[in-house]
Amino acid sequence: MMTATPLLDTISTPADIRRLAPEQLPQLAQELRAFLLESVGKTGGHFASNLGVVELTIALHYVFETPQDHLVWDVGHQSYPHKILTGRKDRMHTIRQFGGLAGFPKRSESEYDDFGVGHSSTSIGAALGMAVADRLSGSNARSVAVIGDGAMTAGQAFEALNNAGDMKVNLLVVLNDNEMSISPNVGALPKYLARNVMRDMRGVLHEIKQHSTKVLDKLPASVKEMAQKAEHTIKTIASESEHVQQSLSLFENFGFAYTGAVDGHNIGQLVSVLKELRKREGPQLLHIITKKGHGYQLAENDPVKYHAIGKQPAPESAGATQKQPAPPTYTQVFGQWLCDQAAADQRLVAITPAMREGSGLVEFEQRFPDRYFDVGIAEQHAVTFAAGLACQGIKPVVAIYSTFLQRAYDQLLHDVALQNLPVLFAIDRAGIVGADGPTHAGAYDLSFLRCVPNMVIAAPSDENECRLLLSTCYQLDQPTAVRYPRGAGCGAAVESSLHTMEVGKGVVRRKGKKTAIIAFGSMVQPALAAAEALDATVADMRFVKPMDEDLLATLAQSHDYLVCVEENAQAGGAGSAVLEVLAAQGNLKPTLLCGIPDIVTEHGDSTILLDNMALGAGSLQRKIEQWLQQYSRQL
């Protein structure tokens, strides 16, 4: 039975919120948080971050005239309350499912989603663009960017601050300070904010300055003396606390008027402060303090674990059969290999851009803390930092999601590849990722990597191949990349050795007739399944660069038809590389390219998405059969 939410049920648009009396807002916040706890428990999704911004979301829609005013959420992990309050409450049971609501703000989904997001640190730049556009068109609409202190560690956020502070625009940046991204924040900026234990002292001193003289004049002499001593003590503490002055001046030096810190769970105070800030001209920054997971004790105590949750299973019956343990994920295989390789080679260090848990680095950090580097949400810096380490004989492994490596492409090219430095990129979440949708899909890495000089690119077909290729690429004295998908593979037994293989050599997994399926990485298993019905040959290429040219020549000469299969954008991907090799050899044969089509992928179950792209075993078989029939009719 759903929790009763009588007030929330009356809210269809933010205009309905603005019709409420201020004293009703705490009840709305209570009901909204209760609805979140129940709905996300059923669907899964981002959790603790949404609980932390309930009051802020209500206050923003209460004060600002959305959608005329613009509200831009950074990353979008915290956008569920916003979705619920903007007419999507009845569809929250579909979130992150195929055909349902997106897990992030999406412009095509609602007029209240001013900017589509998924990667961090873009909100200030996007909101600034909207503010400038309004100024140019003569509109007096307001723009608000909501950014967490974790996202504020990225350089793009400061680039936007630097630009905005020198412009006459009506822009409000709300800095949501909860000391977390997914993991606890790292770096100097979070410590800088956290040290400011007296960050509201500025307001106190301002009030003293404005009112103390006339108030003190009315007090008896003894009380007046006591109050003067208290005022002096406060001023002395503040003057001795240099970090307070620095923290206040940090954003003001960027040209922003600073307000804060404000309790982000005190909805009355938030509304009052936001109403005042909406009247002000020029760049404004509001610093609020929130608790990630607020209102749910388990999430408050462990915000890392509850950052995102899966669909909660129904209670098992007394006689339920115990499930077999799940096979290890590729991420877990990588994490174990990394620890084993580090034990064998003191030169190895691991680098992550704020993805310790997601990239499988928890055990490594515990065992090798001096060789573990979390650089914050700063992918570009992560790669250049790795290049600097490699210059001095260190062997860096950069653990990064495919979608996030896109943000560091210039650094990968200029700082690593052109200097031929031995940096290994362990690229997780390659291909379709499912519920997180197109912003997190690793659909492009083969295309953008294979044109980079000096790069070696490997794509393992199962868990043991992943470990084997990681060991092989790590030993090379040049830039390398091993890309692997999200989740578990086929359940292959994983050896504990650090053996290597010959670079650039593939292997035939099945011998058949007439048709050869040239498969890369995660597509080898679907290709093998399809090949049984087609009696086709299947080659596991293992490497995208360098390509096994001898194997390709043999396949082309001994088969009538070729099929290339990859979980990557078809444009410029591994299939294109195969055609380039065969064209140079003069071995071109009728060839079908199967990959991610030239579309923006959807969110939803990965099995459904892959099947819709003819990359599942059954759909791949049908596509090949149809192509062979069509091609034979053309002859």
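Rings of Phe, Tyr and Trp (for Trp, its six-membered ring) are taken to pair if their centres lie within 6.5 Å, and a pair is stacked with planes under 30 degrees apart, edge-to-face over 60 and tilted for the rest. By this rule the count comes to 13 aromatic pairs. Among them, Trp337 and Tyr474 are edge-to-face, with 6.0 Å from centre to centre and 75 degrees between the planes. This pair links distant parts of the chain, since Trp337 belongs to helix H14 (residues 330-344) and Tyr474 to helix H20 (residues 463-474), 137 residues apart; helices are DSSP runs of H or I with at least four residues, strands are runs of E with at least two, and both are numbered from the N terminus. Trp337 and Tyr474 also belong to one aromatic cluster with Tyr330, Phe334 and Tyr484.

The model is predicted: local features need pLDDT of at least 70 and side-chain atom pairs pLDDT 80 or more, whereas totals for chains, interfaces and linings use all residues. Residues are numbered from 1 along each chain as its sequence is written, and side-chain values use heavy atoms, without hydrogens and water.

A disulfide is a pair of cysteine sulfur atoms within 2.5 Å, and a search of the whole structure finds 0 of them.

| Residue | Relative accessible area | Class |
|---|---|---|
| Cys391 | 45% | partly exposed |
| Cys490 | 45% | partly exposed |

Both Trp337 and Tyr474 are buried, as are Ser619, Leu620, Ile624, Trp627 and Leu628 in H25.

Definitions and conventions: Buried means under 20% relative accessible area, exposed over 50%, partly exposed in between (1.4 Å probe, protein chains only).
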